[in-house]
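This report describes a single protein chain. The sequence and the structure come first.

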Amino acid sequence: MGMEVVVGMLIAWAAGKARRAGTELNGITDRALELTAQRLWDLVEAKLGTDPAIQRLVSESQQNGDATPSARTRAETALQDAADHDPRFAAALEAIVSSQASGGDTTAATGVPSSSVQAGGAAITGTVFGNIKANNKVVNHAARNPLLTVLAVALVLAALVFGIRALTASSGGDEGKAGSAAMVGNWKTSDSSSPKVFGEDGRCSGFYYNNGAPLDIGGPMTCTISSTPDADDRYTLVVTQSPNQATYKVAFDTADHAQVYSSSGQKIYEINRF
């Protein structure tokens, strides 16, 4: 997900909040967009509310109605770093942005059917985004509410981004791999042991551990990993080197980084694909 979209929404929220202090929002669409922006801020504040980059972004937006390029870049970096290390946070960001882009929150917030959102004469339809029919009312609406207009444009751009990602995943890209496909490759370890190899045929090396240390008694080693995670978002890895067999848990932070735990839940080491 492009964090520039999230940053743009946060700027619109902060600047709009300062401008609207003591006033009421104008119209159903304004309220729907405001609710989405508020949800986004609540999520970011809970995760990064004390981060200097986020505080600077909000402060500049509230004072000047916008943020400097430097503040934007720092905020994007902070958000991306948090998303890279916290898949749940990344998924929550994407869900909030895409929900408004798809009209998913409109019914709950305003009572207007999610398949059609009226915005000062513009009709945005479809499950993600559709044709926009506008007349001069749209121009007037944009002039009265420039920040909300920026937010609406950001949401449409987000819809495009998420639509492209969905097409990429369905066409067999690297994202969305599960089971053995997610493990195939060469991995460096955090415990300074030899690199680990997971082959497409299930043959592997370096993955058998005994009492927290790697053990290789010679002979072929095979590895299998579950196709779905458990309730703790950890996949089950079974390593066999006859007559030895052990079960571990693997938690992916990103497609190329994971943490490996013993069957009892104790962290053993981390791996990075190279």
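The sections below cover the chain as a whole, its nonpolar cores, a helix pair with one of its residues, and a barrel.

## Basis and overview

The model is predicted; local features need pLDDT of at least 70 and side-chain atom pairs count only at pLDDT 80 or more, while totals for chains, interfaces and linings use all residues. Residues are numbered from 1 along each chain as its sequence is written, and side-chain values use heavy atoms, with hydrogens and water left out.

The secondary structure amounts to nine helices and 13 strands, where helices (H or I, at least four residues) and strands (E, at least two) are DSSP runs numbered from the N terminus. Of the 274 residues in the chain, 36% are buried (under 20% relative accessible area; exposed is over 50% and partly exposed in between, with a 1.4 Å probe and protein chains only). Among contacts (heavy atoms within 4.5 Å) between residues at least 6 apart in sequence, 48% join residues at least 24 apart.

## Nonpolar cores

A nonpolar core is here a set of buried Ala, Val, Leu, Ile, Met, Phe, Trp, Tyr and Cys residues joined through side-chain atoms within 4.5 Å. The largest one has 28 residues, and Val44 and Leu79 touch the most other members. Two or more residues each come from helix 1 (3-19), helix 2 (28-48), helix 3 (52-64), helix 4 (69-85) and helix 5 (87-101). Helix 1 contributes the most, with nine residues.

Leaving aside residues up to four places away in sequence, valine 44 touches Leu10, Gly49, Ile54, Leu79, Phe89 and Leu93. Another core, of 20 residues, lies apart from the largest one and includes Phe198, Tyr209, Ile225 and Val239.

Helix 3 packs against helix 4 at an angle of about 140°, and their axes are 8 Å apart. Axes are lines fitted to C-alpha atoms, for helices over the stretch in contact, and angles run from 0 to 180 degrees between N-to-C directions. The pair is therefore oblique, given that angles under 35 degrees count as roughly parallel, over 145 as roughly antiparallel, 65 to 115 as roughly perpendicular and the rest as oblique. The crossing is left-handed, that is, the near helix is turned anticlockwise from the far one by less than a right angle. Ala53, Ile54, Arg56, Leu57 and Glu60 of helix 3 meet residues of helix 4 including Ser70, Arg72, Ala75 and Leu79.

Arginine 72 belongs to helix 4 and counts as partly exposed because its relative accessibility is 27%. Beyond four places in sequence, arginine 72 touches Val7, Ile11, Leu57, Asp66 and Ala67. Glutamate 4 is 68 residues from arginine 72 in sequence, with a C-alpha to C-alpha distance of 7.7 Å.

## The barrel

Eight strands close into a barrel with antiparallel pairing, in the order 4-5-6-9-10-11-12-13; strands pair if DSSP finds at least two bridges between them. Neighbouring strands of this sheet are turned by 35° against each other on average, direction ignored.

Strand 10 (residues 235-241) and strand 11 (residues 244-254) run antiparallel and are joined by seven bridges, with valine 238 partnered by threonine 247. A hairpin of two residues connects strand 10 to strand 11. Strand 11 also pairs with strand 12 (residues 257-262) in the antiparallel sense, over six bridges, and two residues separate them in a hairpin. Valine 260 in strand 12 stands opposite valine 250 and also opposite tyrosine 269 in strand 13. Strand 12 and strand 13 (residues 267-273) are paired antiparallel over five bridges.
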